[in-house]
Amino acid sequence: MGKNQSLEQPFRLILASTSKYRGELLSQLGWEFDAIAPGVDEEKIKKKGMSPRELALELSKLKAQAVSCKYPHACVIGSDQVCTLGNHIFDKPGSIDAAMEQLSFMQGKSHQLITAVTVLHPDGMETILNETTLHMRKLTLPQIHAYVHADKPLDCAGSYKLESRGIKLFEKIEMSDHTAIIGLPLIELTNTLLKLGYSL
């Protein structure tokens, strides 16, 4: 995955995730990498009552550490994303009813997507924290029902897919890196990896 032998890599690059979304994003950068599941019990960590930012950072760090301990000479990227409105954190809905409930609560309001990245490498650790603010339109129940059945965003925290019809749900999105919404802030991650000696 993501193979390009012409790009210099000082360390073996590993993505501590088997998410197809993050894998596709990292592939865009052209570096060769492996994707390995970290096996972190996220639900256990979520019960600790951390703030959304603390939770995102902690989970990204734990994911990177879980893989780094097995491959200490590699550069490991751990990432986590938290969808939050105030201090309310939204999980992946898993069902149509739950997705409709989430969107009914969020419609007409602004919420944040907090994306944290931890890069563990033989010379140390780097962290990235990216925050996107999304302003959702006022939506009627029939509109929510039609959207959920069309896009089926059951594996997406917040119950929408911005890369698909979900973009219609929003009046405005404030961001510094649009790729962060999908799961990896590629601009900031590229800045970090270039500093570590990876070639452009």
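Which residues are buried in helix α5 (residues 141-151)? In this predicted model, the buried residues of α5 are Ile144, Tyr147, Val148 and Asp151. These residues cover an arc of only 95° around the axis, which puts them on the same side of α5. Here, buried means under 20% relative accessible area. Part of the cover over the buried residues of α5 comes from α4 (96-106). Directly after α5 comes Lys152. The phi of Lys152 is positive, near 45°.

Helix α4 was examined in the same way. Its buried residues are Ala99, Met100, Gln102, Leu103 and Met106. Viewed down the axis of α4, they fall within an arc of 160°, so they line one face of the helix. The face turned away from this buried side carries Asp97 and Glu101. Both of these residues are exposed. Among the strands are β3 (74-85), β4 (88-90), β5 (110-121) and β6 (124-136). Helix α5 also belongs to this cover. Gly108 follows α4 and has a positive phi, near 75°.

The protein contains six helices and seven strands. Along the sequence, the elements follow the pattern β-α-β-α-α-β-β-α-β-β-α-β-α.

The overall dimensions were considered next. The C-alpha atoms fill a box of roughly 55 × 35 × 25 Å, taken along the principal axes. A compact globule of 200 residues would have a radius of gyration near 16 Å. The protein has 17 Å, which agrees with that expectation.

Of the 200 residues, 46% are buried. Among contacts with a separation of 6 or more, 68% are between residues 24 or more positions apart.

The surface and the charges were also computed. The accessible surface comes to about 10,000 Å². Carbon and sulfur atoms account for 50% of this surface. The protein has 22 positive and 23 negative side chains. The centres of the two sets lie 4 Å apart.

Note on methods. Residues numbered from 1 in each chain as written. Predicted model: local features only at pLDDT ≥ 70, side-chain atom pairs only at ≥ 80, totals over all residues. Heavy atoms only, no water. Helix = DSSP H or I, 4+ residues; strand = E, 2+ residues; numbered from the N terminus. Rg over C-alpha atoms; globule rule 2.2 N^0.38 Å. Buried < 20%, exposed > 50% of the residue type's maximum accessible area, 1.4 Å probe, protein only. Contact = heavy atoms within 4.5 Å. Areas by Shrake-Rupley, 256 points an atom, 1.4 Å probe, with all protein chains shown as cover. Lys, Arg positive; Asp, Glu negative; His and termini not counted. Charge placed at Lys NZ, Arg CZ, Asp CG, Glu CD. Arc of directions from axis to C-beta.
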